[in-house]
Amino acid sequence: MKFRFAIVSDLHIALPHTIWDHPDRFHLVEVSIPALEIVLAHLTQLDLDFLLLPGDLTQHGEPENHAWLTKRLLELPFPSYVVPGNHDVPVLLANHQSIGFVEFPYYYHKFGYDHPEHCYYNRQILPGVRLIGLNSNTFDSDGKQIGLLDPKQFQWLESELAKIKDELVLVMIHHNVVEHLPNQASHPMANRYMLENARELVNLLGKHGVKLVFTGHLHVQDIAHAHGVYDITTGSLVSYPHPYRILEYERDHVGREWLQIFSHRVQSVPQFPDLQQSSRQWMGDRSFPFVIKLLTLPPLNLPLNQAQKLAPELREFWATIADGDGILEYPTFPPEVRSYIEKYGAISHTGDPTYIDNNSRLLLNDW
């Protein structure tokens with residue numbers, strides 16, 4: 001068995017008249033539509049079997065932006081499948097700006113949601129290949145949005161996995177299910193990008209032999225592995241380095257399963273002819289408050305004056321992480337700070353560089 005597919009994540013589609021022009025925003029949403037058009041022009045030249053979009057399809061759940069995207073996806077020569085991100089369903093009930101939570105599957109009923117009364121699905125997308133699209137957006141009693149697989153959906157997933165026999169199962173969900181950053185599940189800045197019940201989900205997937213989960217949300221290029229499950233997260237199309245992925249799965253004649261991953265980047269759009277350089281600078285220009293927070297919060301807990309002295313040298317910190325395969329070296333930093341920062345780089349648990357985040361060939365059944 002062999003097939004090819006693509007991933008484009010965190011599109012944050014924003015028609016020009018809907019753009020929020022906040023001075024501190026990290027997202028270059030003004031490139032969302034031209035960047036997507038460049039990506040689609042490339043993908044339509046390939047013999048793709050399908051396209052995955054793991055959430056944050058729109059800037060902030062605007063009906064016009066959802067409608068624009070569904071119309072554009074219908075024009076493609078291959079099927080597309082989506083799941084909602086936190087930006088797609090930011091409110092439980094529709095308001096003056098955003099669609100309500102229950103409306104999402106009805107917008108995307110041709111992109112996975114054959115039964116739009118549910119915000120999750122299980123469907124065969126190729127002979128012997130099944131895609132499970134999960135919703136990681138839950139609302140508490142106060143209407144606050146949290147990243148959680150709710151009990152009803154979890155029970156449904158258990159039941160669906162138990163029925164599947166002799167098929168390859170792919171899972172798509174917006175929030176991360178395996179840690180991509182040091183102690184991501186407990187870090188006060190990073191835990192909101194993790195599914196709150198990620199461990200339970202990974203254990204369930206591992207029990208049923210599911211090896212591949214595709215996520216977004218974090219806006220970085222990273223591949224992480226735990227308990228037999230790969231979480232392949234793809235960076236945002238509107239944030240440096242503006243990446244997308246093309247993947248090829250193959251099961252060879254002796255039953256080995258391979259996943260070949262190729263990453264590409266949007267290099268230029270009309271408004272930003274040198275998008276890579278200008279976008280990296282955009283991110284660096286807005287990095288100071290983020291870096292101060294990272295240094296002063298646990299586990300480092302640095303005094304503010306010390307953090308302010310170190311922060312300028314970390315201007316490229318997040319861009320390097322977003323790049324994927326980055327090595328972070330700050331030899332002049334205090335040993336404790338240097339050791340902590342280096343853990344964010346592409347380093348294995350043995351301390352060796354591991355360059356798998358962008359282009360790699362994974363053997364899936366050789367744990």
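Predicted model: local features only at pLDDT ≥ 70, side-chain atom pairs only at ≥ 80, totals over all residues.
**A walk from the surface to V213**

Residues are numbered from 1 along each chain as its sequence is written, and side-chain values use heavy atoms, with hydrogens and water left out.

Now for the overall build. There are 10 helices and 14 strands, counted as DSSP runs from the N terminus (H or I, at least four residues, for helices; E, at least two, for strands). The radius of gyration, taken over C-alpha atoms, is 20 Å, close to the 21 Å that the globule rule (2.2 Å times the number of residues to the power 0.38) gives for 367 residues, so the protein is as compact as a globular protein of that length. Along the principal axes, the C-alpha atoms fill a box of roughly 55 × 50 × 45 Å.

Inside, 57% of the 367 residues count as buried, meaning under 20% relative accessible area. Take contacts (heavy atoms within 4.5 Å) between residues at least 6 apart in sequence: 67% of them join residues at least 24 apart.

V213 is buried, with a relative accessible area of 0%. Beyond its neighbours within four places in sequence, V213 touches V171, I173, V177, L205, V229, Y230, D231 and I232.

Conventions: Buried < 20%, exposed > 50% of the residue type's maximum accessible area, 1.4 Å probe, protein only.
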